[in-house]
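Hi,

Here is the structure I promised to pass on. Have a look, and my notes on charged side chains follow below.

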Amino acid sequence: MALSETENGCSGGEGGETDAIVNTCVLGGFSESAETRALISSLPEIYGDMGTSESATERFLVIMNRYQEQPHLLDPHLEWILNLILDFVRSEESPPSLVHLGFKFLYIICKVRGYKTFMQLFPHEVADVQPVLDLLSRQDPTDSETWETRYMLLLWLSMTCLIPFDLYRLDGHLEAEGGKPREPIMDRILAIAKSYLVLSGSPRDAASVLVSKFMTRPDVKQKRLGDFLDWSLTTVSQTNDRSISDIKVLDGVLQSLVNKHTQRLPLRPAALSPTVLQCLEKKHLSESSEAMLRKLGVKLIQRLGLTFLKPRLAAWRYQRGSRSLAANLSMSQSAAASAAVTPEVDTQEQEEDYDIPEEVETVIEHLLVGLKDKETIVRWSAAKGIGRVTGRLPKELADEVVGSVLLSFLVFQETDNAWHGGCLALAELGRRGLLLPSRLTDVVPLIIKSLTYEEKRGACSVGSNVRDAACYVCWSFARAYEPKELEPFVTQIASALLITAVFDRNVNCRRAASAAFQENVGRQGTFPHGIEILTAADYYAVGNLNNCYLNISVYIAGFPEYTKSMIDHLVAMKINHWDSVIRELATKALHNLTPQAPDYMATTVLPQLLTMAVGMDLHSRHGAILACGEVTHALYKVGLKTNSIRDKSGECVSAGWQWVIDDTIQTLHLASSAAKDVSALSAMCNEYYQAQTGQADSQMQDVLVSQYIEGLKSAQMLTRCGSALVLGCLPRFMIHSKLKQVCLKFVCIFSQKEGNFTEARRDAVRSIAQVCTKAGVCAHGSPDSVVCSENVAEVYGVLLSSMSDYTTDSRGDVGAWVREAAMTSLMDLTMLVSSSAPEILSPDLMMCCLAQQAAEKIDRYRAHAGNIFLRLLHSAEPAVPHIPHQEELLTILPTTTSLNWNAPSQAFRYIAQLLGLPEYQYHTLLGLTVSVGGITESTVHFSSQSLFDYLKGIQENTVALEQFGDTLLRILRDNLRNDRVCVPFLKMLNQMLTNGCFEIFTTQENHQFCVDLLGLCKEFKRSKDISKLSACVAVFCGLIQFQGEVRKKVLSQLLLLLCHSFPVIRKTTASQMYEMLLTYDDVVDPEVLDDAMTLLSDTNCDLNTVRTHRNQLCDWLGVTRPKVVAKVIF
């Protein structure tokens, strides 16, 4: 066990699954003796200062906690520490706060060393009884700050009450000074114990210890035992286990009855035991929701069961004669066997014939139910109770108990809790010699099954506790039985333990199995190759999961006794495991184990894997396919060594594998290793589908290419994805003379753009670049074989159109997957063509589209586009031709630029400068539109700031500003029906108008920019989208700053929206117009300004009233009143 870093010069290392190095630190003694003495001696000086006393307490706690794992080192010092603290605790001059602080220090020591050892050091003379009792009587049981004092005083009182004198001798005269009778000490102690038993907290535990010791006194048993039991049973029967307060009371009472010292009470069947048992049965503690109550109920029932039976050791139990490890290792089996004492016929004569009370059957029934409890502490207590009670039963009845325990494994409906409890019970029975060798034929198969028990529960599994308990059973068997008894089962047990030690997912189970195997090797001496295996699979080595699967398993499989069992376990239980890590490790382990049994793998294992590869369970299919690949690869390497790699069955093998691959591509995206599965086809083509080197088998080429092209038209999304990925991984010779056919089909996919096949389009875009890269580039080559001048434009057209894929669904902007793949493919293809035949490249919109993506709102895709933009711009070998404004771009983005495109604060400063380049202005502004009009605060802030900085720089340049305005109108005109662009556009336009970006246009009446913009915005008033209408209202209010006839048209549009059918639009319009009149004081005559604003603030009535107000506003603003157009019904 690895210890933490200590101050003695030992430093702990990092442990766990990834590291098998364990540094242990063992303390040599209590090195802080002087510091501890100084701390305790300083208590009388520091108790009044809360900060100093807390600091001293924390330091003392740190010192003591270092000895949690080696508390025995404190033993030589406990006496002087206790006496030092008790000196000022006993002093009458010590204030209560000092006494409480001293008992807090005592509690810290008691917690580390254990109360059973520490309490024995308390002084327990006659003179100590009265002072301790008086001090305890003065304590407040409800004070949460001083519970340590009450806890230690109760333990001290439990020692002082063991004085060998009748307590009545200490009473003296029972008359107090006032003439009132004084309560006897016996009654006072019992009253204090009862009062603390019904309270919560640690003092209740100490009170149960006090009761257990106090009630064993002869004088107390004679005078107060009956009364105490009556009080206990009455309390138990009257409490409600669903009330929190009653649960505390019930817990304390049961603890007092359960405590080990209480076993000495004379509870005989004819007396009180049946009454207690009957009370517990009526209480139904096994059905309680509190685990601690169920545990205490089981413990009390098993102790009651022992009172019904005579205290004796069963004469029929199995006893191993020699437990010496040296005797086993010396191989002197005959000597060991002769020392064994086995049941004989005359043992029946030694057994007394006496009747077993009926209550014992009830006790055993309760214990068997406890074995199935959902909490481990209850099952463990029940298992120990089964062992104790069975040890006092006659042989025939004990065998029935063993049979009942075995039934917990055989019932189909039993859960992992029953299996775990059954294993614990078998271990207890075996350890006590109560599981006779004749039962091993029934027990061992169940334990073997328990060692690999695992039950799927949702996304995980349960059963690690069962496997751990099964290891404990094997460990106990090693100590309980002679080697000759276990000899028929050695191979089964050894194989099962090694499988658990190497392949179990849980590190605790692996280590438990390793420890059990080690115990059997030492005790039994019959496990095959035990010593050699232990050197490789010891407690620390099995801590690393990868090391177990990939290295230790290979070493163990080198011994023929274990080879096939390990392989069978991997195939049956690990390649179909729910954890993908285990599945992949299992397949790698099969690869490593193949050389140990190649014939078995080829003739037995591989057919099983192929059957599993086409099953219904997804985990099994994934693991089986990976395993098929790993085993085949391993057989291939074995065949290279034996020169037997190809035979007449090659065609059958290739056909079988081709079928598996074709079936698998339909579910590639459901597996975690899609890339490996797709690459398998490439390896298959290279191995089996070449007529000669570099030339495809024409028949198979036509079949495969046509098959996967048809798959691109499938109605199943996964089939489309798989077909696209497979076409991209085909070797060059398989797509030779098929390039035109493949590219044409990709073009068809992107011409349709179905919204449900976004993943298929993404994979197709990736495959286009892969296909073109493998085909190569030749300027004057055949378009059916290479990328040339005839087909390069078509390929680029597909990739550029993919960069405008903005498909959305419930997952969000899924089209971004396609855009990202298109950008990567464009870069790869451009670098390829530029290096081989740059003359076939024509000026296109590639850099402009990349600039648009680099200006958009999603950080990840903006960064991807920006990095590709910089790489193409700065590429020297090869140099990319036809980059518009390359010189200006190098000035804006020099090669020394260190730019984090993910950060909006950095990216938009550079990208906004592209607005000054005519070729990039449209696409850059289109990308900025969705960023400026977005909802992410940081993106909106920095993008709008960069945009306004650019506009501020061209305010004096009328030509540049008009060109920008024309570009703005063009974007709006192209995206009138595109909500992805038009809503952010209106928000961006509102910010521009608010910031006065077009102030130079307001000096001219009826400027064409305003006229055109108004005409385009009118298209939105028929929309039913509230966000679009609200943004449009804000734009209209911003357009009011333009002079001339256009202003009246804007006012007319606003007044129409003031009577919109949507109340929220009416309210928004009124609010915006109110702010507009405050901002622009030349819109309305100042004499009616207050009246107009009053009408706008009251426009929350019904539509008829609003129309009246609207008409009044029309008169004041000088706008013609709108007329209601009657609907004509034909």
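Let's begin with Arg-188, which counts as buried at 16% relative accessibility (buried is under 20% relative accessible area, exposed over 50%, partly exposed in between, with a 1.4 Å probe and protein chains only). Its side chain makes a polar contact with that of Asp-134 at 3.0 Å; such a contact is a pair of N or O atoms within 3.5 Å, where one must be able to donate a hydrogen and the other to accept it, and residues adjacent in sequence count only if both atoms are side-chain atoms.

Before you go further: this is a predicted model, so local features need pLDDT of at least 70 and side-chain atom pairs pLDDT 80 or more, while totals for chains, interfaces and linings use all residues. Numbering runs from 1 along each chain as its sequence is written, and side-chain values use heavy atoms, without hydrogens and water.

Now the salt bridges (a side-chain nitrogen of Lys or Arg within 4 Å of a carboxyl oxygen of Asp or Glu): the whole structure has 29. Glu-32 and Arg-66 form one of them, at 2.0 Å from N to O. Glu-32 lies in the segment before helix H1 and Arg-66 in the loop between H3 and H4, so the pair ties together parts 34 residues apart in sequence (helices are DSSP runs of H or I, at least four residues, numbered from the N terminus). Both ends are buried, Glu-32 at 6% and Arg-66 at 19%.

Arg-431 pairs with Glu-428 at 3.0 Å. Here Glu-428 is buried at 1%, whereas Arg-431 is partly exposed at 41%.

Cheers

Methods:
Helix = DSSP H or I, 4+ residues; strand = E, 2+ residues; numbered from the N terminus.
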